[in-house]
Amino acid sequence: MPDPAPRYTGLELGEDVTSALHSVLPRTAERTVAAVTVEVPSYTDAFSGPMGQNIETAVQMALGGFLRLATRAEDADAGTQLAPALDGAYELGRGEARSGRTIDALLAAYRVGARVAWRELASTAVNAGLTAETMARFAELVFAFIDELSASSVTGHADELATTGRVRERYLERLGHSLLAGEATEILEAGAEHADWTPPTSLTAVLLPASQIHGLAVNFGPSTLQLNQDLPGVDPTEALAALLVPDMDGPHRRRLLRALAGRRAWVGPARPWAQVRSSYRRALQARDILLGSDVDVLDTDEHLVELVIGADREAADDLRRRVLAPLADLRPNTAAALTETLRSWLLHQGRRDAVAADLVVHAQTVRYRMTQLRELYGERLTDPRTILELTVALGIES
């Protein structure tokens, strides 16, 4: 809360003028609230019914406080007399922030209120015979008072937003970690309620360097969750961050990938929001298995084969050694050529011309190599299980 306003200079008003001004305060408050209701749409409904009466009372009390301040003795302490009004304005600013109204709406209300209040007070003062010099000083004090109140309200509004923003950020961060930890649905729903977060239909996990996450979340809407530290399965020394992006499944996934262009990112699959842990684990797995990939934005949906085989790299290597065992005694160049031909033959389903085009060799070369392979493998090249193992072991290199 800021310190009270600087000292005001006393306004010399006769007792009759002061009484006349005090007598019009109820009417002034009523007209002020009515004008704000009409001219500032944000307050049309807010000031209806009992709330409007409460606001009128508050305005009347504030104006009464101003008159006491303005007509105080020359040596009286303005700060002591002004502090209650400033405290009230500060709390008003906080309350408006909690109600979801912008500071612009509140300042507009102050401007309208200052205009109407001055018109009513000035009219009364003129009728009471105040001199032009005193009227000028009176106007100066009225608008200085309004400036003090509005400044205090701005501070209260900003403080409330900062406080509630930090609290909500902590709740959202806690929710994000609960999602990645795979907490029970009831715990996740309670966390979402505390964070005032409406669950989307689905979430997609995106893993990327922390240095590249700045300003990215705003592209995907307010339900996007951002986690900058303590990511599960990530070494604390690594500077990685995660986004949990709402409703980017189906055709919307392309928009997500476009928004990530120019960054290094690993994108998991879309999952029902409470199951986003599996999306995060997929993105993390892609980073570990495909770390050497030259693709900037790696869409895990397009690399499922690599992820399946890479899930157990040792098993994949063992499988490859076993299925290629018939070639183990050949010269390295010969074994490499036959392995390449076998892989292409499997992927092109035995179409000789397609294999020749793929390897950029003559069709007769393909025929010769396949004759060699049939001699080495025998009937196994017609065995479905062997074909499956060869396809899995060699298909990853395509």
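Helix α9 (residues 276-289) lies across β1, β3, β4 (265-272) and β5, and its direction runs at about 155° to that of β4. This is a predicted model, and the description below should be read as such.

The sheet itself is open and is built from 5 strands, in the order β2-β3-β1-β4-β5, with mixed pairing. The edges are taken by β2 (225-227) and β5 (297-299); each has a single partner strand, so one side of each is left without a neighbour in the sheet. On average, neighbouring strands are turned by 20° against each other, with direction ignored.

One of the pairings can be followed in detail. Strand β1 (residues 202-209) pairs with strand β3 (residues 240-246) in the antiparallel sense, over 7 bridges. Within this pairing, P209 stands opposite L240 in β3. Helix α6 also packs on the sheet, where α6 touches β1, β2 and β3. The direction of α6 makes about 80° with that of β2.

D247 has a positive phi of about 50°, although D247 is not a glycine. Most residues other than glycine have a negative phi. The side of the question that concerns solvent is simple: D247 is partly exposed, at a relative accessible area of 33%.

A second residue with this kind of backbone angle is V360, which is not a glycine either and has a positive phi of about 60°. V360 belongs to the loop between α13 (352-359) and α14 (363-377). With a relative accessibility of 71%, V360 counts as exposed, because the cut-off for that class is over 50%.

Next come the nonpolar cores. The largest has 43 residues, and L21, Y43, F66 and F138 have the most contacts inside it. At least two residues of this core come from each of α1 (15-23), α2, α3 (50-70), α4 (78-99), α5 and α6 (132-181). The biggest contribution is that of α5, which gives 13 residues. There is also a second, separate core, with 27 residues, including L172, A192, L225 and V276. Of these, L225 falls in β2, and V276 falls in α9.

Helix α7 (residues 185-194) contains I187. I187 is partly exposed, with a relative accessible area of 43%. Along the chain, I187 and L175 are 12 residues apart, and their C-alpha atoms are separated by 9.1 Å.

Two packed helices are described by the angle between their axes and the distance between the axes. For helix α2 (residues 25-39) and helix α5 (residues 103-127), the angle is about 145° and the axes are 9 Å apart. The crossing of α2 past α5 is right-handed. On the α2 side, the residues that meet α5 are L25, R27, T28, R31, T32, A35, V36 and E39. On the α5 side, they are A109, V112, G113, R115, V116, A117, E120, L121 and T124. Sorted by class, this contact has 8 nonpolar, 4 polar and 5 charged residues.

Conventions. Residues are numbered from 1 along each chain as its sequence is written. This is a predicted model: local features need pLDDT of at least 70, side-chain atom pairs count only at pLDDT 80 or more; totals for chains, interfaces and linings use all residues. Side-chain values use heavy atoms; hydrogens and water are left out. Axes are lines fitted to C-alpha atoms, for helices over the stretch in contact, and angles run from 0 to 180 degrees between N-to-C directions. Helices (H or I, at least four residues) and strands (E, at least two) are DSSP runs, numbered from the N terminus. A crossing is left-handed if the near helix is turned anticlockwise from the far one by less than a right angle, and right-handed if clockwise. Contact means heavy atoms within 4.5 Å. Ala, Val, Leu, Ile, Met, Phe, Trp, Tyr, Cys and Pro count as nonpolar, Asp, Glu, Lys and Arg as charged, and the others, Gly among them, as polar. A nonpolar core is a set of buried Ala, Val, Leu, Ile, Met, Phe, Trp, Tyr and Cys residues joined through side-chain atoms within 4.5 Å. Buried means under 20% relative accessible area, exposed over 50%, partly exposed in between (1.4 Å probe, protein chains only). Two strands pair if DSSP finds at least two bridges between them.
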